[in-house]
Amino acid sequence: MAVIAGNWKMHHGPADAAAFLTEFDATSVSAAHELIVFPPSISLYAVASSPHRDPRLQVGVQNVHWEDAGAFTGETSAPMAAGAGATFSLIGHSERRHVFGESDEDTRRKVEASLRAGLVPVLCVGETLEERQSGAVERVILRQLDAVLGALRDADRFLVAYEPVWAIGTGETATPADASSAHGTLRARLEEVLGVAGAATVPILYGGSVKPGNALELMSSVDVDGVLVGGASLEPTSFAEIGAAVG
Ligand code: PGA
């Protein structure tokens with residue numbers, strides 16, 4: 001079983017999202033795999049409520065505010081996302097962290113808000129190129145994970161996505177060995193907190209320039225349980241091809 005998740009970022013408004021659903025054909029993707037898309041908030045309801053959505057395609061929100069409601073112009077709360085049909089929330093994506101300055105403390109509060117609303121959090125972690133070059137991969141990804149583990153340890157379900165920042169949208173991918181090493185570090189920490197059996201239930205996805213041509217190799221790496229796909233998830237055919245590629 002693998003998780004194939006697509007993060008549409010700031011692409012696909014309601015009309016384009018509807019067109020995606022009409023074209024997306026999951027028949028080539030093994031029924032054992034879980035499929036999730038993260039549309040922009042403005043398209044969430046259109047996607048979740050569309051009669052053209054394959055019921056296997058689950059829906060998540062790309063970001064939430066940590067409060068449930070209030071005077072926060074432009075923000076989307078977790079209960080609102082759940083009301084629009086989301087069942088997952090992406091938390092701490094590198095663009096949130098590095099473009100919008102989101103802190104580890106922000107991600108913790110957003111995880112808590114997601115859990116309150118019944119959303120399954122997908123926590124994104126990953127190092128920048130500078131951090132990798134200075135040998136800080138483990139320190140950075142464990143700091144990002146540790147910041148939220150207190151909130152996550154009692155969750156019914158959560159996922160982690162390892163997305164090296166230097167591999168996102170660049171065409172560069174981590175080698176399978178790099179991915180396995182980072183995933184192993186994350187799994188070991190999860191085992192310390194949740195026990196071996198508990199940690200085994202947490203899917204750890206790889207993200208960063210995943211394409212139909214490299215998905216299988218990455219997925220075959222030890223401790224990689226799925227993929228989080230940006231650019232290549234925008235086209236219904238390439239998203240389905242990634243799902244089909246992983247076997
Ligand atoms: P990419 O994005 O596949 O376009 O590199 C991945 C992500 O940011 O989740």
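Q: How far is an oxygen atom of the ligand from a polar backbone atom of S209?
A: The model is predicted. Of the 13 residues around the ligand, the nearest are K9, H93, E163, G169 and S209. For S209, the pair is formed by a polar backbone atom and an oxygen atom of the ligand, and the distance is 2.8 Å.

Q: Is S209 buried or exposed?
A: S209 sits in the loop between β7 and α9 (215–219). Its relative accessible area is 11%. Buried means under 20%, so S209 is buried.

Q: Which residue has its backbone nitrogen 2.8 Å from a polar atom of the side chain of S209?
A: Leaving aside neighbours within four places in sequence, S209 is in contact with A167, G169, T170, G171, E172, T173 and N214. The backbone nitrogen at 2.8 Å from the polar side-chain atom of S209 belongs to G171.

Q: How many strands form the closed barrel?
A: The barrel runs β1-β2-β3-β4-β5-β6-β7-β8, with parallel pairing. From one strand to the next, the twist averages 25 degrees. The number of strands in the closed barrel is eight.

Q: What angle does the direction of α10 make with that of β1?
A: Helix α10 (residues 236–245) packs on the sheet and touches β1 (3–7), β2 (34–38), β3 (57–61) and β8 (226–229). Its direction and that of β1 make an angle of about 160 degrees.

Q: What distance does helix α5 reach from its first C-alpha to its last?
A: Helix α5 (residues 104–116) has 13 residues. At 1.5 Å a residue, 18 Å is expected, and the value for α5 is close to that. The helix reaches 19 Å.

Q: Which elements do the buried residues of α5 pack against?
A: The buried residues of α5 are D104, D106, T107, K110, V111, A113 and S114. An α-helix has 3.6 residues a turn, so residues three or four places apart point the same way. The partners of the buried residues of α5 are α3 (78–83), β4 (88–91), α4 (94–98), β5 (120–125) and α7 (137–152).

Methods:
Residues are numbered from 1 along each chain as its sequence is written. This is a predicted model: local features need pLDDT of at least 70, side-chain atom pairs count only at pLDDT 80 or more; totals for chains, interfaces and linings use all residues. Side-chain values use heavy atoms; hydrogens and water are left out. Helices (H or I, at least four residues) and strands (E, at least two) are DSSP runs, numbered from the N terminus. The expected span of a helix is 1.5 Å times one less than its number of residues. Buried means under 20% relative accessible area, exposed over 50%, partly exposed in between (1.4 Å probe, protein chains only). Contact means heavy atoms within 4.5 Å. Two strands pair if DSSP finds at least two bridges between them. Axes are lines fitted to C-alpha atoms, for helices over the stretch in contact, and angles run from 0 to 180 degrees between N-to-C directions. A residue is near a molecule or strand if one of its heavy atoms lies within 4 Å of it. A polar contact is a pair of N or O atoms within 3.5 Å; within protein, one must be able to donate a hydrogen and the other to accept it, and residues adjacent in sequence count only if both atoms are side-chain atoms.
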